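Hi,

Here is the structure I promised to pass on to you. Have a look at it first, and then read my notes below.

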Amino acid sequence: MEPPIGGRVLSRIRFQRCTWDFITTVFYVRGITVTLLSNFVVVEKSDCCRYPAYLLAFINDLDIKNIKQNPMAYLCSLDMLLLSVLMFASVSVFLYRRRSRPVTNWPVFGMAPDLILNAYRVHDFATDLLKQSNGTFMLKGPWFANMDMLVTSDPTNIHYMLSKNFPNYPKGPEFRKIFDILGDGIFNSDHEVWEIQRKTTMSLLKHPDFNSHLEKNIRNKIEKGLLPLLDLISHNQQAIDLQEIFQRFTFDAICALLLDYDPETLSVHLPYNACEKAFTDAEEALLWRHVLPERVWKLQQRFGMGKEKKLTEACKVFDEFIYKCLSRKEEEFGNDGRVEKEETTGLLESLMTSFQGQTGISGDSRRFLKDTILNLMIAGRDTTSTALSWFFYLLAQNPSIESKIRREIENEVGDADWKSLGVKELRGLVYLHGGLCEALRLYPPVALEHKSPYDADVLPSGHAVNENSKIILSFYSMGRMEWIWGKDCMEFKPERWFSEGGKGGVKHEPSYKFTAFHAGPRTCLGKEMGFIQMKMVAIAIIYHYHVEVVEGHMVCPGDSIILQMKYGLKVRLIPIN
Ligand code: HEM
């Protein structure tokens, strides 16, 4: 996996571009100035100091007196004609250069204008830049905004930061500032608080009974929530937003699993639930905090404007929802809020027991528990629902692959009921597994990650970083690099994941190359849970329906920290006989 262009060649190209930009800008300014002078400027020699434009005209050997006396005649002069041609050429070259090159480093504003103009396609914008710069580039923010960021999609850098030199790359204070709503939760913490969070969460998710509990929970949701709703919709030949259905599914499922409370947002009437909707609002605001200077979003936060207003409201909704569930649970155990049972079965009881006395940085034990739950809810709701949405979108573009996956499921089911496919049987479905991995490669739900070095260091790509550097790891771009995944990297090819030698197994890719689940000591703790959930839902749908995207419906990533679809996924369901 070598980056495509050598550093020296790249510097030469950059130097040529800068020179050409300088020349075109000089002609552009000269042309505009002369045109303005010849048309509008009426100046006296004494005004010389007040009008720099006059001086420019003087330098250009133009006769101001003539312009004043007979401007029309001057316009037709040979010099003017020449200038017009030059101006036209320089404007054309300027526009051409702007179009063919994704970013300009402006004086004072750095690359911020391009970043803001491209905010609606920020991940593709980063991918364009990374493709042209060996997989790592420095994004310059405005000089006053402390927004410079080193963006990388180079697997050697990723491996180095996430695994080899992990202690030097905590999430850092910048991450904590942007993701303040996550409080002391696992996503947001470093060092001891993270270690406590990770150890406790791991012991819950790796508990021998967890998978059977999970299987029961998902099966229940599929049979009582998902299938009745899909049956009704397909019977009425209605179009539905499949992304919304998945979000409701995963929200109900994680609440039931974590809080012992199923809000039943996935039912035929699709009831409104403020907490379920608040996740989307919060995640959009968090992405904008990456794009806007800190002072700007802090000002918006202070005056309750724009996305920040929605984020503040979302936080209130989360608090209300989670504290209510906690109170309900505490009441079950006694009025003083302490867990009385020696042995507990549910996840919430286990969390309450494990975190008794833990206060985190906030110093408030109840808040610590709330933060923990909020983080797990985000982990459980959005990643899986997003991955499922992109998977069904890709299947709709590739009906032959959909048929192959359906055949694989039918073979596995045989004469039995489709519901007989349990966690064990899921492992044999390699086509389905490959399809899901492809969706995760091309559209990783967590599309980027932050890092901030503890001490100054040099990355394997040769880029020097120090304790003030902000580093963005673009997982989205990694899945789209030819030098990482080959020339066919943009194709949806589940076969890419078949083990070599045709033994029917799944191919292993190192986590620093396939980064959808992160890598190193902070690897996703819910990978297995996510795959189980996605496979069970995918089987239930593919076995019963062919999914077709509604004609003309636009599908593109939204401006959110999780790679959701901006306009959802409008589909029709055609029953399979
Ligand atoms: C398709 C499904 C999923 C994907 C793509 C995914 C991806 C990720 C990624 C990229 C991270 C690292 C985030 C960061 O450090 O900023 C992460 C961390 C984590 N994930 Fe997942 N995840 C998925 C499902 C789940 C599920 C269902 C759970 C269970 C609740 C879960 C629990 C966690 C936890 C607890 C962490 C924090 C690990 C740590 O910081 O030590 N994930 N996941």
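**The nonpolar core**

This is a predicted model, and its largest nonpolar core has 121 residues. Those with the most contacts inside this core are L258, F391, L436, V537 and A538. Helix 17, covering residues 365-397, gives the most to the core, with 15 residues.

You could pick out L258 and look at what surrounds it. Leaving aside neighbours within four places in sequence, L258 is in contact with L347, L348, I373, L376 and M377.

**Around the ligand**

Which helix gives the largest share of the shell around the ligand? That is helix 17, with 6 residues. Helix 10 (191-205), helix 17 and helix 23 each supply at least two residues of this shell. In total, 23 residues surround the ligand, and the closest are A379, T383, C524, G526 and G530. By type, the shell divides into 13 nonpolar, 7 polar and 3 charged residues.

**A closer look at C524**

C524 is one of the closest residues to the ligand, and an unreviewed UniProt entry lists C524 under "binding site". In the model, C524 is found in the loop between helix 22 (482-485) and helix 23 (527-544). Is C524 buried or partly exposed? It counts as partly exposed, because it has 16 C-beta neighbours inside 10 Å, while a buried residue would need 20 or more. Not counting residues up to four places away in sequence, C524 touches F517 and H518.

Enjoy exploring, and write back with any questions!

Best wishes

Notes. Residues are numbered from 1 along each chain as its sequence is written. This is a predicted model: local features need pLDDT of at least 70, side-chain atom pairs count only at pLDDT 80 or more; totals for chains, interfaces and linings use all residues. UniProt positions are given in the numbering used here, feature names are shortened, and annotations may be inferred rather than shown by experiment. Helices (H or I, at least four residues) and strands (E, at least two) are DSSP runs, numbered from the N terminus. A residue is buried if 20 or more other C-beta atoms lie within 10 Å of its own, exposed if 12 or fewer, and partly exposed in between; C-beta atoms are placed from the backbone. Two residues are in contact if their C-beta atoms, placed from the backbone, lie within 7 Å. A nonpolar core is a set of buried Ala, Val, Leu, Ile, Met, Phe, Trp, Tyr and Cys residues joined through C-beta atoms within 7 Å. A residue is near a molecule or strand if its C-beta atom, placed from the backbone, lies within 6 Å of it. Ala, Val, Leu, Ile, Met, Phe, Trp, Tyr, Cys and Pro count as nonpolar, Asp, Glu, Lys and Arg as charged, and the others, Gly among them, as polar.
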